Amino acid sequence: MNRFAKSRDKLVPVPSDALIPQRDIDKSPILEARHLGIEFGGLKAVDDFNLTIGRTEIAGLIGPNGAGKTTVFNLLTKVYQPTKGTILIDGIDTHGMNTVQVSKIGVARTFQNIRLFNNLTVEENVKLGMHNQIKYGMVSGILRTPNYWKQERIAHERAMELLSIFDMESLANHKAGSLPYGAQRRLEIVRALGTNPGLLLLDEPAAGMNPSETVELMENIIKIRDTFKIAIMLIEHDMNLVMGICEGICVLNFGKVIAKGSPEDIQSNPVVIEAYLGKKKEG
């Protein structure tokens, strides 16, 4: 039996015909993407993408290489502006917003390629993630007013609290660039949590990790969801991770959704199997 199965909830339908975990049925979804699309030079990179994520759901976005998964993340975080469609974050229409504004309303992400400030300490990297919650102005910072020191103390305590999720408090004063690969991956997730998101987007969080690190990551993703009561959506090629902890899975191929459902639904879906393995030749 899947050791993570008890952390997953049954998917149930909501009025829009979407599926979300049963525990979220009485709450408004954290994400609603409706008919989302983007074109690059006439090429439809993402076409008519629809997805609803429950407020505490762990969701997976999977598909073959080049399917458009990272493009979806870039649309949700406004790295790209959609050519068409609507994105609602906690019921707020993000039309016209930029990446900073979307971060402020509760979307955080990590990247395929680690993007840490290697010459800053671990704690300083986490504090940078908390920039949208700093409550002192430039003058207070320059003059080092009592409010500045108060806010700095609060930021330090919050950073250490977040680092404790991954037992990284002892590394707070280490340079980020000196950390092993797996620890850098964990630090990037901690920094994203520093923005206090309602939706955390993880782009291939297990990339480069060995099997024991991946299992630990799975445990920590569940821990983050349960501790902060947030939704987590991940792009991942490690199917053991995806099928182990994701409740709802959306499958992309050539920019279009070809399947949505529970891990069990996706694993047995012939369209998904064909997209990954190709159509068998008739002989």
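Let's start with charge: the chain carries 33 positive and 32 negative side chains, and the centres of the two sets sit 3 Å apart. Lys and Arg count as positive, Asp and Glu as negative, with His and the chain ends not counted; each charge is placed at NZ of Lys, CZ of Arg, CG of Asp or CD of Glu.

Keep in mind that this is a predicted model, where local features need pLDDT of at least 70, side-chain atom pairs count only at pLDDT 80 or more, and totals for chains, interfaces and linings use all residues. Residues are numbered from 1 along each chain as its sequence is written, and side-chain values use heavy atoms, leaving out hydrogens and water.

Now the overall build. There are ten helices and twelve strands (DSSP runs numbered from the N terminus: H or I of at least four residues for helices, E of at least two for strands). Of the 283 residues, 50% are buried, meaning under 20% relative accessible area with a 1.4 Å probe, protein chains only. Residues 24 or more positions apart supply 68% of the contacts with a separation of 6 or more, a contact being heavy atoms within 4.5 Å.

S3 pairs antiparallel with S4 (residues 43-53) over seven bridges, where pairing takes at least two DSSP bridges between the strands. Glu32 has Thr52 in S4 as its bridge partner. Two residues lie between the strands of this hairpin, and Gly41 takes a positive phi near 60 degrees. S3 also runs antiparallel to S6 (residues 84-89), joined by five bridges; here Ala33 has Ile87 as its bridge partner.
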